[in-house]
Amino acid sequence: MRQRKARDLDKKLEAFGDILVTEPSPEAWDGAFAGCGGDIYLEIGCGKGKFIVKKAADNPDDRFIAVEGQGTVMLRALTRAIEENGGEAPVNLRFALTFVNGMEKLFSEESLAGVYLNFSDPWPKARHAKRRLTHRDRLKDYARSIRDGGFIEIKTDNDDLFAFTMDEIREGCAGVLEIIELTDDLHNSDYESRLTMTEYEEKFSGRGKNIHYVKVKVNRNKGE
């Protein structure tokens with residue numbers, strides 16, 4: 001659902017200059033994380049930020065990037081990041097207000113350790129299949145920027161999207177992505193991914209809704 005634009009949005013976003021990268025590019029991240037090292041993980045579509053803020057807090061030796069295309073939603077994520085870090089800008093978390101349409105515009109090859117896709121828009125109409133973030137072309141595009149052995153984690157409560165996603169992985173990405181974790185009920189599994197939830201996930205899993213989950217590894221040694 002598209003959010004109504006917050007009043008004076010651009011001005012409000014400017015206040016988060018310490019953690020909001022306004023011109024994301026492959027060259028931007030070293031400067032954005034000045035003085036902070038470690039592996040880099042990306043969440044595409046961070047929503048209100050609950051997931052990525054916790055990931056960054058729980059893993060201070062790694063770096064995290066959150067991308068979100070809707071400015072009003074991004075503002076809420078930025079606010080959360082500061083508030084939950086005692087009013088200070090977290091050193092290992094950065095945000096970019098953009099949509100991902102070609103990873104090469106944002107990241108160098110093999111620069112990421114992992115990518116998170118949490119409750120992406122299902123785009124239910126068949127004619128919109130290529131817009132789904134788990135379409136095979138997009139998955140291969142993410143893999144380009146993930147190092148060999150890195151991962152993509154996908155969570156969704158949408159049965160049709162998950163079925164589509166599994167077909168795209170198995171049929172469209174064979175030899176590039178290898179399934180290493182898989183369940184139709186994440187919160188009744190032992191997978192570590194169940195421990196870090198989005199707002200949406202917390203709400204619906206609490207009501208007993210099963211959460212689909214798959215983790216795939218990038219394996220270029222099997223490349224086509």
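**Pockets and the central strand of the predicted model**

The lining of the largest pocket draws at least two residues from each of strand E1, helix H3 (50–58), strand E2 (63–68) and helix H7 (199–206), where helices (H or I, at least four residues) and strands (E, at least two) are DSSP runs numbered from the N terminus. The structure is a predicted model, in which local features need pLDDT of at least 70 and side-chain atom pairs count only at pLDDT 80 or more, while totals for chains, interfaces and linings use all residues. Residues are numbered from 1 along each chain as its sequence is written, and side-chain values use heavy atoms, with hydrogens and water left out.

Helix H7 makes the greatest contribution to the lining of the largest pocket, with four residues. This pocket has a volume of about 1,300 Å³ and is lined by 37 residues, among which Glu68, Gln70, Phe119, Ser120 and Asp121 lie nearest its centre. A pocket is an open set of points, on a 1 Å grid over the protein atoms alone, where a 1.4 Å probe fits, with protein on both sides within 12 Å along at least five of seven lines, and lining residues have an atom within 4 Å of a point. The volume is the space filled by probe spheres set on the points, which are joined across faces, edges and corners. By residue class, the lining of the largest pocket comprises 14 nonpolar, 12 polar and 11 charged residues (Ala, Val, Leu, Ile, Met, Phe, Trp, Tyr, Cys and Pro count as nonpolar, Asp, Glu, Lys and Arg as charged, and the others, Gly among them, as polar).

The second largest pocket holds about 300 Å³ of space. It is lined by 16 residues, of which Lys55, Asn59, Tyr116, Glu153 and Glu192 are the closest to its centre, and the elements that supply two or more residues to this lining are H3, E5 and strand E7 (212–218). Six nonpolar, three polar and seven charged residues make up the lining of the second largest pocket.

Strand E4 (residues 112–118) and strand E5 (residues 146–156) are joined in the parallel sense over six bridges, two strands being paired if DSSP finds at least two bridges between them. Strand E1 (residues 40–44) likewise runs parallel to E4, to which three bridges join it, and within this pairing Leu42 stands opposite Val115. All seven residues of E4 are buried, so this strand is largely enclosed by the rest of the structure (buried means under 20% relative accessible area, exposed over 50%, and partly exposed in between, with a 1.4 Å probe and protein chains only). Together, E4, helix H5 (residues 136–144) and E5 form a right-handed β-α-β unit, right-handed meaning that, with the strands pointing away from the viewer, the path from the first strand over the helix to the second runs clockwise.

In the loop between E4 and H5 lies Pro122, which counts as partly exposed at 25% relative accessibility. Gly102, placed in the loop between strand E3 (93–97) and E4, is buried, with a relative accessible area of 14%.

Overall, the chain contains seven helices and seven strands, and 50% of its 224 residues count as buried.
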